[in-house]
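Hi,

Here is the structure I promised to send over. Have a look below, and then read on for what I found in it.

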Amino acid sequence: DLWASVRILFEFDIYGGVTTHLVVRSFRERLKHEFATDAMSLGAEAVLYGVALLTAVREGGKIRALGVSTYFSQLWNVLSVISLAFLIVSFAFRWQVSQRWRALEASEVVILEPSTGSYNVVTDHDWLGETDALIVKFQALTLVLLWIRGFSYMQFFSKKIDDFVATCTLAKSNFIAYCFIMFVIVASFSIGLFVGVGEQEENFNTFGSALLTLFDLLFGNFHAESIELADGLLVSTLIVGVFVLLTFLSMSALLAVVHWASKQVQEGLIKRETDDVDVNLKHRLNMLLVRVLSSKWVFCISRQWIETYIKDKTRSAIEAKQMTDQEMDLMERRELMMAARSSLRNLI
């Protein structure tokens, strides 16, 4: 019932001696197990996965009603599907933890001391919590996508957010096409590394491992294995150079696509989601407020307040009208006095 990795290293010194190093790492999900903490954590995850299940059923109904092509033509539906996929992966990791790793009690590193011939056992804290870290990462990505999904409601209340959402929606197909182009470029580079140095370097001994290694480096995995080659400096320089070019290419493409889409939106050449009255959240909330205020129960409760409000508004309007009439009389008198003074001046 032990989930562990073992590494044996033989070090040959210049005098012909051999030093043996043995490293054993075992895994578990948390440093401490407390009932209250576990119950709260697992309960919150159960609620999260339950809501995800209901959302999956709802999105499945939308796909069946709209069709696959129409459903995925909307940006928000794509974000919903990706967030559900991340939660499914998170649930798979949690299931693996519950089935395989719950019996582990400790994590240790066993080092063979060559001078004494005995084993030195120390606690290895580096690998503790690795599984929970993966689960939290996928759940964090889901939360980020859901926060972005919140723009689908905020766009009805802000012109700037509406412009931003319309720009992203218009540029969605271009972004997907560029991601596919980037994948082809990285895959081609992986084939080159596999053919060139695959026999010398374990990270590139297959096309799949070369592709995963490059994506690890591209997305900043600082725990990636080092490249141990005779010409490792040349290979590392080549990889860094390609990644720098891809970074500048990505920035240029992103700015170009966003600029083009933003110009199309500002010129009013596309149809916005907020133009549809049936899906406009602000309009639907206004109609809901009207229905609530016009119901007989609300009217019976607030009848006295409404009558007082109407009387106050009517009185204010009458006073404003009377004040306006007085001002008009005063202006007419001033105009008459000015005309009389002008006539007197001309006569003189």
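Cysteines come up first. Keep in mind that this is a predicted model. Counting a disulfide as a pair of cysteine sulfur atoms within 2.5 Å, the total comes to zero.

How exposed are Cys168 and Cys179? Cys168 has 24% relative accessibility, so it counts as partly exposed, since that class lies between the under 20% of buried and the over 50% of exposed. Cys179 is at 52% relative accessibility and therefore counts as exposed.

Helix α6 covers residues 159-170, and helix α7 covers residues 172-197. Their axes are 4 Å apart and the packing angle is about 45°, which means that α6 is oblique to α7. On the α6 side, the residues in this contact are Cys168, Thr169 and Leu170, and they meet Lys172, Ser173 and Asn174 of α7. By type, the contact of α6 with α7 has two nonpolar residues, three polar and one charged.

One more residue in α6 for you to look at is Phe164. Is Phe164 buried, partly exposed or exposed? Its relative accessibility is 47%, so Phe164 counts as partly exposed. Phe164 and Val265 are 101 residues apart along the chain, and 9.0 Å separates their C-alpha atoms.

That's what I have for now.

Cheers

Definitions and conventions. Residues numbered from 1 in each chain as written. Predicted model: local features only at pLDDT ≥ 70, side-chain atom pairs only at ≥ 80, totals over all residues. Heavy atoms only, no water. Buried < 20%, exposed > 50% of the residue type's maximum accessible area, 1.4 Å probe, protein only. Helix = DSSP H or I, 4+ residues; strand = E, 2+ residues; numbered from the N terminus. Axes fitted to C-alpha atoms, helices over the stretch in contact; angles between N-to-C directions. Parallel < 35°, antiparallel > 145°, perpendicular 65-115°, else oblique. Contact = heavy atoms within 4.5 Å. Nonpolar A, V, L, I, M, F, W, Y, C, P; charged D, E, K, R; others polar.
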